[in-house]
Amino acid sequence: MTEKITFTVDGKQLEGKQGQLLIEACEDSGIHIPRFCWHKRLDPVGMCRMCLVEIETPRGKALVPSCTTQVTDELVVETESDIVKKAQEGVLEFLLINHPLDCPICDKAGECPLQDQTMAYGPGESRFIEEKRHFEKPIPVSDIVLLDRERCILCARCTRFSDEISGDPLIEFIQRGNKTQVNTFPDEPFKSYFSGNTVQICPVGALTSTSYRFKARPWDLKKVSSTCNCCSLGCSVELNVSQNKMLRILGEDNEFTNQGWLSDKGRYNFEYLHSENRLLNIQVKEDNDFVEINIADANTTLKQKIEELQNPDVKFVIGANSTNEEYFVINKFANLMNRNEFLSKDKSNVYFADDHLFEGYFGDEYENATFEDLDKSDVIVVWAEDIKDNIPVLFLRIKKAVKNGVKLVVLGHTNTSLEGLADLYLGTEIISTNFELETSLSNVKEFQDIVEDKKVTAIVGKSTPLQQKKSLDALVSQLQKISSTKIFNCFSKANTFGALQHIDQLKGLNEFYNEYDSSKKNIIFTIGSNPVNESFFGPKVKNILQDADFVVSLDIFINETTELADLILPTTSFGEKEGTITNMEMRVMKQNKILPDPGSTLSEWEYLTSIAKSLGKDIEFGSVYEINKALVNEYQSDDIAPSFDNLNKPSNLFGVINRKDIDLNVREVDKNKVSILMVRRLYGDSSTQTNSPSISMLSTERFIELNSKTLEKYGIKSNVANLTQGPLSIFVNIRLNNLLPNDLVLAPINRRGFENLDPTKDFNLKETNNLKELSVN
Amino acid sequence: MKETLLLTKHMRENPEESHLLKSYEKNGGYKGAKKVLKSGSPELVLEEIKSSNIRGRGGAGFPTGVKWGFLAEDEERYLVINADESEPGTFKDRILLERDPHQLIEGMIITCFAANISKAFIYIRGEYAKPARRVQNAVEQAYEKGYLGKNIFGSSMDLDIVVHLGAGAYICGEETALLNSLEGRRGEPRLKPPFFPAVKGLYNKPTLVNNVETISSVPWIMNNSGKDYASLGVEGSTGTRIFSLSGHINNPGNYEIEMGSSFGEFVESLGKGVRNNKSIKAYIPGGASAPWLRGDQLEVKMTIDDVANEGSMLGSGAVVMMDEDTNLLLAAKSLVSFFAHESCGQCTPCREGTTWLENILERIASGRGRLSDIDLLLDVCDNISPGLTWPPKMTTICPLGPSATASIVSLMKDFRSEVEILLPKKVVLR
Amino acid sequence: MSWEVERLDKAKELIEMYPQKRSALGPLLYLAQDKDGYISNDSIVEISSLIGITEVQVQSVASFYSMYKQEPTGQYLLSVCKSISCEISKSSDVINKVKEFTNLSNNETDDEGLFTYESVECIGACGGAPAIQVNYETVEGLTPEKAVDLCKWLKDVKPEIVVADELQQKFGGTKSFDWAVEDNTGSSSPVPSFQSYDTSKGSK
């Protein structure tokens, strides 16, 4: 119902939409009604009573909470009458009687709704002379969130968020009346991927983050908007910096993408920027040791090496964290360095370091979806890698759509965390252990019934790199045949789509292994990628890098890949460079710079243009602005151009959709048996996370998931076991997941110890007497 | 004045067996339900209830016929009997549950027939263990005889009744909090709108929530007629009602009377007067939530409208007499402390305010009161219930908060000196 | 799985009585308390998996209601009413005497695990004020002395089942109304004696 109506507030005539909440309608018209428990993205509860206003009713004036009252035509509202003011003072006095005088030591001071509203609407003094309520303060409710129950005003925002939005109701009200407190169950801490959001929406300092506690006052912070770099959703964030250190990241409400929420990884994974392990100077390898040199010498070294090798094959293994501008330059540089005179399909030399890359569904026959489509469609179909672990805020958006009536169809076996929400979960009955459809979807009646003739948004990607594209093709073609479908290509790593849009005929790591010819002379550039650690076939990559004649790494830490390099060029990272990135909607969004370049770091594009110049080749860009101007020309002209100027305009702050032809050069993988389903978990041992102390402990647990039949088969009776494969042996915690097929074990690829497992080979599980909690670094 | 026995007739005449099905049937029980199911219609039942003008016996006094008319259409509808009698001073539902549970069951059958409901719950407070046992026995007897379950009395109607125990929360007497409790949640009242039980009740389905006494009256109404019921009592307060009388009188107990006599008459003739020949200082006309009336107001008539005119309420029908020796401050403190303990904690004014009021009264009672405390008490009450009127205007979600203020307002209005005496004397410097 | 088979069977039976599983939470908590004397963390974990909600959600509900005990309770739960009708009938004297005899303050259990004392709100026995409940079996019209006698008797005799009628005859006074027929059913734990939850003891 979007019928427009008029209503009166404090004598002024305002316009609103039928059914809109009064508090929101007033807000839209610039009238602020004070509140604590109401939040735009949560269902209203009318608990704090701060938003009371007077409305005219047939029975006289009534005092009602504006957050639970809908505007109706000709409604007359008073927000500043004497009764309303007294009620506001009363509520604030009530809230303050048990609230501790913690402002001097409380993180929230300076950005605290309770402080602000007390100043604006509160009584001047308190008349309370009794003893305040006391609790032990603060208590940790998880590794990263602390709770101070004395400060809590029981607005229920945190409990409602956990229940309604994230679906992890691990924090709840205990007791009743004046003794009510928020707490967790002793054995079940607030281990949610989204716990940090409760810290942001808490209107007082009751919930605080361990990473930010006592670090700064809000008025000390420099702030800038940016876009998160953790996954391809591209959450809008606000970076908070003080004295050139990133201290905090907050979620911004971008209606089209994250709607205010962040995953805890996106929120807390930034301390690495200031780690002492950060690479600050160019280093060249001499006798297995790294020696610092300057850029002129680096250029010279590289130039000499190229001449020495006489027309070497130059390949690029790139990651997902570069900006569009950087990919644009990488593409140009790669073309220049490609010894093939003309660019033919097989001769492209840039490889993207994500095992889940596949040819995708691009081009005119497929319509690309946006997140808004999730809410507007009738059905969402998911067959992709684990969404909750890899694109967490997309999980929240799917959950929200389902809550509002959209149906959900999930195909296994990696999205078991969506099974509780799904109207139809297709698992072992029709999908084999290696992700093939064992029966045609046209024979699955429930699938046909739920999808036929409906508007569908499909999230499609490889559940495991070993899955063949043709099984996804079967799903997509069936959907296109019987419904009107829009598609999300589910590539989860940060700026994957930026790479797809700006690198000609991008290839994947499979092509990298297959095309490497050790008989030739090879120079390999690794740019912001760590395939030795992160790829399924890391050992193969390691061999290649060790075999290559010269390896140049552009990165921010020494890691399993960069330690194999001959020349390391330290780069800038998140918050230290300006640029644009493209998310899975093809939405281009701005990233902004708020930190200085640390040490002697430069941006990737600065290195490549410098090298090119020293080689006598021409990529002349003086600034990132110039690059952006150049790349803007390559997008479709009827979209709003993703120029910095355009993106900085208020009307475009949420980003702009930009379509560009995408031409991937990725081949089908061979059919393979899947013995161990290796998945990426949200928290892993990437160098950014291990160098962020506040969250590094979250990625230490080693666990596997399997179903009870498999457990029985191996005779495991306890919840720890010993996983072995050949000479490899890992002690793991066991988690039951009865949606998995028999004889399949689900293991995290990004935890220490699992990196050398071969997913195609058999494994063994043994009982173990080692019952210690298995948390190792 | 005399009692008029409708609800309590069977139990008075057959004390040893009134809770058993055989006694109930021998005395005409289940006849009405059988007749209605055989040859009556839902519209007929609704018509009789409407013409009886019976008002809800739980405390709110809402016309039952009107309430039944609000029930929304749906395949899944429920009847929930509110047997969470926890209002201090009230023990009338207890006798109905303990001594004549079949009367309630018959009323439920007729109600469910009229409303096309096939699943009903009886929510009994957990402290009423014996009444709950009696009701459960009665339910089992009814099932055995085919009066509950599938095709009751051989008709096409099904009805299942589940007896559910509460667990010690007065707030669960509030209908939406009761539904939350029945759903296995915290007993927190819901927002109305949108959660009017008749539209979005139990499991978000249309639900009728009625008091024990209300539904227990249905068999008599159907056996006689709505008009007959309306001819008893007075206009606006028709039929009979069971009043629980307690406090400083000689004969406390439950008395079923037609409304219209005065409280004074009630106390003298049925309560057999005040203990030890004392006089009444103040009395509570309708349960702990009701503002007090003074001892010189005993001529007020026991009807919903008359008591409302005096600024109080007939509420749950619990009459508590306080004699001249009563320490009214401690009485008020006991009442406020009750509400503070029972507050669910959802909304700020009630959660913080009721305990604050309790603390202030405690301070005054233990001799540490201040002169400013009286105004403070009244202002805090005003912040919970603006204007201190009855029925109250609320800053809260439900009337529990304002109920806590009722006794304090009464205390200060009519008995201020009893409080002032405990406060330090104002020092006048010459 | 910390619950024995019979309790699990009863739990499943109770869950089936309701259109939605979660409604059985209340009865399951009584089941837990009947066996253990309080709601233990193990029971919370068990109930949480039977119903399909998180542990803290179970605890949130359990801790809301005053009859679900969060700590071990004695064999006899003594609940003395302190609401208005009892208050003005000198329940405070009964309270003081009982507290003195048992040497307990509010919500305390003695070391032997015999008594738990609590001052409670209106139990619906206002006509028989002052009133108390022992394991939710009501005794009305007590004097302070009779209340102490009652406690003494419980301590000396330690009856396995507490029956209201028996206690009323021995120690009670004015009743709220005529109890009429005698009832020999009682309770043996701090849980209301109710046949649907298998907590009713003694003959019907």
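## Chain B as a whole

Of the 430 residues in chain B, 66% are buried. The model is a predicted one, and the values given here for its chains should be read with that in mind. The secondary structure of chain B comprises 18 helices and 11 strands. Its radius of gyration is 22 Å, close to the 22 Å that the globule rule gives for a chain of 430 residues, so chain B is as compact as a globular protein of that length.

The C-alpha trace of chain B extends over about 90 × 45 × 35 Å along its principal axes. When contacts in chain B between residues at least 6 apart in sequence are considered, 68% of them join residues at least 24 apart.

## A helix pair in chain B

Within chain B, helix α3, which covers residues 31-39, packs with helix α7, which covers residues 101-115, at an angle of about 15 degrees and with the two axes 9 Å apart. Angles under 35 degrees count as roughly parallel, and α3(B) and α7(B) are therefore roughly parallel to each other. The crossing in which α3(B) passes α7(B) is left-handed.

On the side of α3(B), the contact is made by B:K31, B:G32, B:A33, B:V36 and B:L37, while α7(B) contributes B:E106, B:I109, B:I110 and B:F113.

## Chain A as a whole

Chain A contains 23 helices and 36 strands, and 64% of its 777 residues are buried. A compact globule of 777 residues would have a radius of gyration near 28 Å, and the 28 Å found for chain A agrees with that expectation.

Along the principal axes of chain A, the C-alpha trace spans about 90 × 60 × 55 Å. Among the contacts in chain A between residues at least 6 apart in sequence, 72% join residues that are at least 24 apart.

## Positive phi angles in chain A

Two residues of chain A deserve a look for their backbone angles. A:F214 is not a glycine, yet it has a positive phi of about 65 degrees. A:F214 lies in the loop of chain A between β10 (207-209) and β11 (222-227), and with a relative accessible area of 57% A:F214 is exposed.

A:N311, which is likewise not a glycine, has a positive phi of about 65 degrees. The loop that holds A:N311 runs between α7 (295-309) and β16 (313-318) of chain A. A:N311 has a relative accessible area of 53% and is exposed, since the term applies to values over 50%.

In chain B, the peptide bond that joins B:P193 and B:P194 is cis, with an omega of about 5 degrees. B:P194 belongs to the loop between α9 (175-182) and β4 (207-211) of chain B.

In chain C, a cis peptide bond with an omega of about -10 degrees joins C:A129 and C:P130. C:P130 sits in the loop between β3 (115-120) and β4 (132-134) of chain C.

## Two partly exposed helix residues

A:D547 is part of helix α17 of chain A, which comprises residues 538-547, and its relative accessibility of 39% makes A:D547 partly exposed. When neighbours within four places in sequence are left aside, A:D547 is in contact with A:Y516 and A:S518. A:D547 and A:F557 are 10 residues apart along the chain, and their C-alpha atoms are separated by 22 Å.

C:K170 is part of helix α8 of chain C, which comprises residues 164-171, and at 37% relative accessibility C:K170 counts as partly exposed. Not counting residues up to four places away in sequence, C:K170 touches C:K146 and C:W153. From C:K170 to C:D93 the C-alpha to C-alpha distance is 20 Å, and the two residues are 77 apart in sequence.

Notes:
Residues numbered from 1 in each chain as written. Chains lettered and ligands numbered in written order. Predicted model: local features only at pLDDT ≥ 70, side-chain atom pairs only at ≥ 80, totals over all residues. Heavy atoms only, no water. Axes fitted to C-alpha atoms, helices over the stretch in contact; angles between N-to-C directions. Helix = DSSP H or I, 4+ residues; strand = E, 2+ residues; numbered from the N terminus. Parallel < 35°, antiparallel > 145°, perpendicular 65-115°, else oblique. Left-handed = near helix turned anticlockwise from the far one by under 90°. Contact = heavy atoms within 4.5 Å. Rg over C-alpha atoms; globule rule 2.2 N^0.38 Å. Buried < 20%, exposed > 50% of the residue type's maximum accessible area, 1.4 Å probe, protein only.
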